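The following note sets out numbered comments on the model shown below. Please read each point alongside the coordinates.

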Amino acid sequence: MKSLEKIKLIATDLDGTLLNSESEISDYNKKVFQYLMNNGIEIILSTGRPFNGMQRYKDMINNDNYSIVFNGAIIADTNGKFIYNKVIDEASSRKIADLIDKYKVYLHVYSGNKYIVSEPDFYYERYIEKENITDTIIGLENVDNFEFSKMVFIGEREELLRLQSYIMANFNVHTSFSHTNFLEVLAKGINKGSALKWLCDNKGIKREEIAAFGDNYNDIEMIEYAGVGVAMSNAEEDVKKKADYVCLSNDENGVGDFLNKFLNLNIII
């Protein structure tokens with residue numbers, strides 16, 4: 001068993017991990033995180049979302065630290081300024097975007113803070129309503145700069161698996177699933193783990209001083225990099241296999257419960 005006594009930094013995914021099924025941070029998790037931050041432990045929110053799609057969660061726990069967004073393509077400071085931004089090269093982005101004509105999928109892309117969709121779809125409509133997003137572009141023909149931070153293909157799992165195989169065979173990029181129906185494409189070698197390493201190297205924090213929590217395939221590299229990698233009980237089986245521990249589910253305050261017990265915080269909730 002690995003020790004949690006020397007943890008200096010905790011990185012956690014949001015959806016399916018820190019957030020419950022209502023997309024909220026429970027009072028339990030808030031209380032644990034507040035206690036940790038008050039005692040000098042750093043909290044890094046690490047998500048596939050853009051900065052403006054995760055900022056309210058940052059505010060909920062009064063976290064003024066850096067955030068890993070777009071699954072590791074960007075690291076933003078507390079005001080949303082990018083301190084690290086790894087984009088897919090323009091030639092690859094253009095060719096990959098053209099694949100929507102060959103597969104039954106929708107495409108959402110992000111260029112910095114710009115959110116672009118090939119055409120409106122169910123996930124787009126739900127997302128902009130839920131997160132109150134207003135700055136969007138519809139139609140790839142309206143895009144000038146094809147250096148994307150992240151590309152997301154949305155469709156049926158089998159179709160996305162076929163598409164993933166084609167992309168992996170023909171392009172030098174990183175792919176992973178963040179949801180059954182979401183196939184994400186990033187620049188080669190870029191993921192939550194690579195961003196966490198860059199950030200902690202700059203902070204002078206060692207791997208064994210990091211704990212990381214996640215539930216899906218896009219969390220695997222982060223869980224593997226951290227000295228203490230934790231998968232939620234609701235995580236994909238492949239994620240659990242890579243983790244050092246499996247905690248309670250996201251609807252059972254899994255992150256807070258694990259930290260409370262294993263760090264011997266003795267927080268009474």
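Is asparagine 71 buried or exposed?

1. Asparagine 71 is buried, with a relative accessible area of 1%; buried means under 20% relative accessible area, exposed over 50%, and partly exposed in between, with a 1.4 Å probe and protein chains only. This is a predicted model, in which local features need pLDDT of at least 70, side-chain atom pairs count only at pLDDT 80 or more, and totals for chains, interfaces and linings use all residues. Residues are numbered from 1 along each chain as its sequence is written, and side-chain values use heavy atoms, with hydrogens and water left out.

2. Asparagine 71 lies in the loop between β3 and β4, and its phi is positive, at about 55°, although the residue is not a glycine. Phenylalanine 70 is found in the loop between β3 (67-69) and β4 (74-76). Phi of phenylalanine 70 is near 50°, again a positive value in a residue other than glycine. Most residues other than glycine have a negative phi. Phenylalanine 70 is buried, with a relative accessible area of 2%.

3. The secondary structure comes to 10 helices and 14 strands; helices (H or I, at least four residues) and strands (E, at least two) are DSSP runs, numbered from the N terminus. Strand β2 (residues 42-46) has four of its five residues buried, so it is largely enclosed by the rest of the structure.

4. Strand β1 (residues 9-12) runs parallel to β2, and four bridges join them; two strands pair if DSSP finds at least two bridges between them. Threonine 12 has leucine 45 in β2 as its bridge partner. On β3, two bridges join the strand to β2, and these two strands also run parallel. Here the bridge partner of serine 46 is isoleucine 68 in β3.

5. With 269 residues, a compact globule would have a radius of gyration near 18 Å, and the protein has 18 Å, which agrees. This radius is taken over C-alpha atoms, and the globule rule is 2.2 Å times the number of residues to the power 0.38. The C-alpha atoms fill a box of roughly 55 × 35 × 35 Å along the principal axes.

6. Of the 269 residues, 57% count as buried. Among contacts (heavy atoms within 4.5 Å) between residues at least 6 apart in sequence, 57% join residues at least 24 apart.
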